[in-house]
Amino acid sequence: MLTGKYSDSLLYRRHSVRKYSGAAVTPEQAEHILHAAMASPSADNTQPWSLIVVDERRLIDEIASIHPYADMMKTASLAVIPCVIKSVADDNPFYPQDMGACAENMLLAAVECGLGSCWCGIHPQKDLENKFISLFKIPDTLFPFCVIAFGEPADAMPPSDRYDASRVHHGSW
Ligand SMILES: Cc1cc2nc3c(=O)[nH]c(=O)nc-3n(C[C@H](O)[C@H](O)[C@H](O)COP(=O)(O)O)c2cc1C
């Protein structure tokens, strides 16, 4: 476990949360998450993202029924679907990295405002992409990258530490 002044960083308090209390996500918390998404780095600052914010109970529940590994949506209070703008991605082969940074920024912002989250993959699974395109009426100019659940965690979780010194090589290999 990391010791010292960085040991309590929010990075180590982020977990994939799969059970939420049901408490509402406040507009202030949602705003922070969405702003954090767009504060992300992207190759050449291309910002290939466009976000669908889902706060309607019926639609959040529908996500659990179309995604095979998203049961946590049933207790989540908010879902965000970062979508890729095709015209930007066409000229930017780094777009998956940009979208990953965008997703991670939202997860970290959630911790900062006392929320839990769970990233659920969509792209590049075409069947899954198509189900989201159909349910959320996503136009042809975009495709869904992933879907993220947000809510107040039902249970407290201890900080994580997966550091493995054998995976670190200083200088050259
Ligand atoms: C690209 C990606 C796709 C993921 N898809 C799912 C998913 O469909 N369902 C799920 O419950 N968790 C999903 N996760 C969460 C991982 O299972 C989780 O990050 C991993 O087990 C490590 O646990 P932690 O997030 O609590 O540190 C995904 C994470 C990533 C980065």
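Q: Which residues are buried in H4?
A: Bear in mind that this is a predicted model. In H4 the buried residues are Tyr95, Asp98, Met99, Cys102, Ala103, Met106, Leu107, Ala109 and Ala110.

Q: What covers those buried residues of H4?
A: The cover includes H1, S1, S2, helix H3 (86-89), S3 and S5.

Q: And how many residues does H4 have, and how far does it reach?
A: H4 has 18 residues and reaches 26 Å from its first C-alpha to its last. That is close to the 26 Å expected at 1.5 Å a residue.

Q: What happens just after H4?
A: Glycine 114 sits there, with a positive phi of about 80 degrees.

Q: OK, over to H1. Which of its residues are buried?
A: Gln29, Ala30, Ile33 and Ala37 are the buried residues of H1. They cover an arc of only 100 degrees around the axis, which puts them on the same side of H1.

Q: Why would residues a few places apart point the same way?
A: An α-helix has 3.6 residues a turn, so residues three or four places apart point the same way.

Q: What's on the other side of H1?
A: Pro27, Glu28, Glu31 and His35 are on that other side, and they're exposed.

Q: What do the buried residues of H1 pack against?
A: They pack against strand S1 (49-54), strand S2 (78-85), helix H4 (95-112) and strand S5 (146-151).

Q: How does the span of H1 compare with what it should be?
A: H1 covers residues 27-38, and at 1.5 Å a residue its 12 residues should span 16 Å. The C-alpha atoms at its ends are 17 Å apart, which agrees.

Q: Let me zoom out. How many helices and strands does the chain have?
A: Five helices and five strands. Along the sequence they follow the pattern α-β-α-β-α-α-β-α-β-β. The radius of gyration of the chain is 17 Å, close to the 16 Å that the globule rule gives for 173 residues, so the chain is as compact as a globular protein of that length.

Q: What does the C-alpha trace span along its principal axes?
A: About 50 × 40 × 30 Å.

Q: How much of the chain do buried residues make up?
A: Buried residues make up 31% of the 173 residues. As for contacts, take those with a separation of 6 or more: residues 24 or more positions apart account for 77% of them.

Q: Can you give me a residue in S1? What does valine 53 touch?
A: Valine 53 is found in strand S1. Leaving out residues up to four places away in sequence, valine 53 touches Ala30, Leu34 and Val80. Ala30 is one of the buried residues of H1.

Q: Now the ligand. Which residues surround it?
A: His15, Ser16, Arg18, Tyr69, Ala70, Cys118, Trp119, Cys120, Gly121 and Ser160 surround the ligand. By class, that shell has five nonpolar, four polar and one charged residues.

Q: What about glutamine 47, what's its phi?
A: Positive, about 45 degrees, although glutamine 47 is not a glycine. Glutamine 47 also lies in the loop between H1 and S1. It's partly exposed, with 17 other C-beta atoms within 10 Å.

Q: Last one: what does alanine 154 touch?
A: Alanine 154 lies in the segment after S5. Not counting residues up to four places away in sequence, alanine 154 touches Lys19, Tyr20, Ser21 and Thr75. Alanine 154 and lysine 19 are 135 residues apart along the chain, and their C-alpha atoms are separated by 5.6 Å.

Terms used. Residues are numbered from 1 along each chain as its sequence is written. This is a predicted model: local features need pLDDT of at least 70, side-chain atom pairs count only at pLDDT 80 or more; totals for chains, interfaces and linings use all residues. Helices (H or I, at least four residues) and strands (E, at least two) are DSSP runs, numbered from the N terminus. The expected span of a helix is 1.5 Å times one less than its number of residues. A residue is buried if 20 or more other C-beta atoms lie within 10 Å of its own, exposed if 12 or fewer, and partly exposed in between; C-beta atoms are placed from the backbone. The arc is that of the directions from the helix axis to the C-beta atoms. Two residues are in contact if their C-beta atoms, placed from the backbone, lie within 7 Å. The radius of gyration is taken over C-alpha atoms; the globule rule is 2.2 Å times the number of residues to the power 0.38. A residue is near a molecule or strand if its C-beta atom, placed from the backbone, lies within 6 Å of it. Ala, Val, Leu, Ile, Met, Phe, Trp, Tyr, Cys and Pro count as nonpolar, Asp, Glu, Lys and Arg as charged, and the others, Gly among them, as polar.
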